[in-house]
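Trainee: Hi, could you walk me through this one? I'd like to go strand by strand.
Mentor: Happy to, let's open it up.

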Amino acid sequence: MKRTILFSGVPVMLLLAVSALVLQPTRATAGENSSTEVRVDNFTFGPETLTVAVNSTVTWVNKDDIPHVIASNDGLFKSKALDTDQSFSYTFTKPGTYPYYCSIHPKMVGKIVVQ
Amino acid sequence: MEKSRIIAPNVNGLIEHDHNNDGIDRRGFLKCMAWAGTGAICAIQGGVLKSYALGSQMGSKMKSHKAGELTFVQISDSHMGFNKPANPDVIGTLKAAVEKINALPHQPEFILHTGDISHLSNPAEFDNVDQILKATNKEIFFVPGEHDVLNDDGKMFLERYGKNSKGSGWYSFDKNGVHFIGLVNVMNLKAGGLGTLGHDQLEWLEDDVRHLKSSTPIVVFAHIPLWTIYPQWGWGTDDSAQALSYLKRFASVTVLNGHIHQTMQKVEGNVTFHTAFSTAFVQPAPGKADGPGPMKVPAEQLRSLLGITDVNYVQGRHALAVVDSTLA
């Protein structure tokens with residue numbers, strides 16, 4: 001059957017390895033999709049470093065009473081001002097480390113590690 | 001050292017000290033710090049800032065001074081559009097600030113707004129503020145806060161408030177022998193850094209003051225403090241020392257900032273630094289909370305923590321008097 005063919009051999013190993021990478025850093029936060037969510041709360045990014053798999057979409061949600069702007073240090077992505085409970089998403093298609101900050105509160109810094 | 005330390009606000013009573021041995025009451029200075037909120041009054045007297053409250057003692061104190069040759073008001077951090085529990089009625093408190101200004105015994109010649117006019121840089125928010133401030137019948141000079149330049153690199157701010165400015169909105173002007181300099185330190189902020197003036201603006205500043213006599217009183221106003229108050233919360237400006245180095249030779253420099261929504265003052269040599277109340281909401285004292293976000297205070301206390309600043313300059317005296325008064 002197709003299923004058995006698909007899940008046998010090397011491809012299965014790869015799949016497991018990739019999903020392990022995706023899931024590993026996300027355990028700290030609850031919820032199925034929280035693996036790719038960054039909470040902006042009390043002028044900090046949580047988690048400050050988030051590790052995701054290639055092609056993951058990361059979503060930042062602002063939980064502060066003050067707007068924040070999510071901007072990558074190298075200009076790759078920049079959100080509009082996010083008011084309370086507003087969010088911004090970006091899909092990372094290449095492996096690498098992506099430092100970012102809040103462009104109006106630049107003491108707020110974080111990074112996304114894409115593997 | 002006493003001269004450079006930050007003194008904690010004390011809301012009760014008039015505090016007067018003489019920082020410069022020039023007969024200016026030092027306790028008056030500290031009074032500036034005593035209110036956190038809506039505005040402040042500053043008088044420039046021969047070069048040093050003087051502060052006293054507009055409350056009971058204040059009013060009479062003000063009158064006993066010779067009416068200043070130049071009086072102006074600073075307001076800050078209106079955050080029009082903010083509607084969270086820390087103040088669900090920023091329109092009401094801005095109107096209260098206007099009433100306060102209109103009731104001042106010596107009417108100010110003009111008003112400085114040190115930024116965060118709006119909360120989200122929306123046109124309607126700017127419109128609202130313009131409409132409310134119109135009731136002062138005064139000329140108003142603005143510099144942007146980070147909330148005013150959110151989505152368009154400050155384009156809308158410049159169109160509305162920066163017609164005669166340079167770069168991202170800096171400019172200078174002269175009134176009654178006092179040289180005023182409006183600076184912008186909320187643009188092009190770098191990851192991990194504080195407020196920034198940037199190379200172009202610094203160069204302009206150096207040139208702008210070059211022709212002035214050292215006896216010219218200088219007033220610098222900008223949104224983020226030009227002295228380092230609490231870098232962990234971004235309360236400072238990375239290249240402010242460079243800017244201040246151009247002002248060293250002047251006998252009297254008064255620096256007026258907003259951003260931190262509380263009054264604070266520091267005197268360092270010829271420079272007096274002062275931060276104003278917000279008209280919108282309160283922020284915690286440095287390090288006294290997990291973060292610098294809006295602080296909810298009991299409703300009946302809010303207006304005693306918001307305010308305006310009145311500044312008065314008397315020629316021949318050495319100091320500008322800076323007076324903070326609350327909206328209560």
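**Strands and a loop**

Mentor: In chain A, E3(A) runs parallel to strand E8 (residues 105-114), and the two pair over 4 bridges. Strands here are DSSP runs of at least two residues and helices (H or I) runs of at least four, numbered from the N terminus; two strands pair if DSSP finds at least two bridges between them. This is a predicted model, where local features need pLDDT of at least 70, side-chain atom pairs count only at pLDDT 80 or more, and totals for chains, interfaces and linings use all residues. Residues are numbered from 1 along each chain as its sequence is written, while chains are lettered from A and ligands numbered from 1 in the order in which they are written.

Trainee: Thanks! Which residue stands opposite A:Val113 in E8(A)?
Mentor: That's A:Thr51.

Trainee: And in what order do the 4 strands of the open sheet in chain A come?
Mentor: The order is E3-E8-E7-E5, with mixed pairing. Strand E3 (49-52) and strand E5 (70-72) of chain A are the edges, each pairing on one side only. On average, neighbouring strands of this sheet are turned by 30° against each other, direction ignored; the axes are lines fitted to C-alpha atoms, for helices over the stretch in contact, and angles run from 0 to 180 degrees between N-to-C directions.

Trainee: Switching to chain B: is strand E8 (residues 218-222) enclosed or open?
Mentor: Largely enclosed by the rest of the structure, because 5 of its 5 residues are buried. Buried means 20 or more other C-beta atoms within 10 Å of the residue's own, exposed means 12 or fewer, and partly exposed is in between, with C-beta atoms placed from the backbone.

Trainee: Which residues cover each face of E8(B)?
Mentor: B:Ile218, B:Val220 and B:Ala222 are buried on one side, and B:Val219 and B:Phe221 on the other. In a regular strand, side chains alternate between the two faces of the sheet.

Trainee: What does E8(B) pair with?
Mentor: Strand E7 (residues 178-182) of chain B is parallel to E8(B) over 4 bridges, with B:Gly182 partnering B:Phe221. The chain goes from E7(B) through helix H6 (residues 199-210) to E8(B) in a right-handed β-α-β crossover: with the strands pointing away from the viewer, the path from the first strand over the helix to the second runs clockwise. E8(B) is also joined to E9(B), in parallel, by 5 bridges.

Trainee: Last one: where does B:Gln262 lie?
Mentor: B:Gln262 is in the loop between strand E9 (253-257) and strand E10 (264-268) of chain B. B:Gln262 counts as buried because it has 25 C-beta neighbours inside 10 Å.
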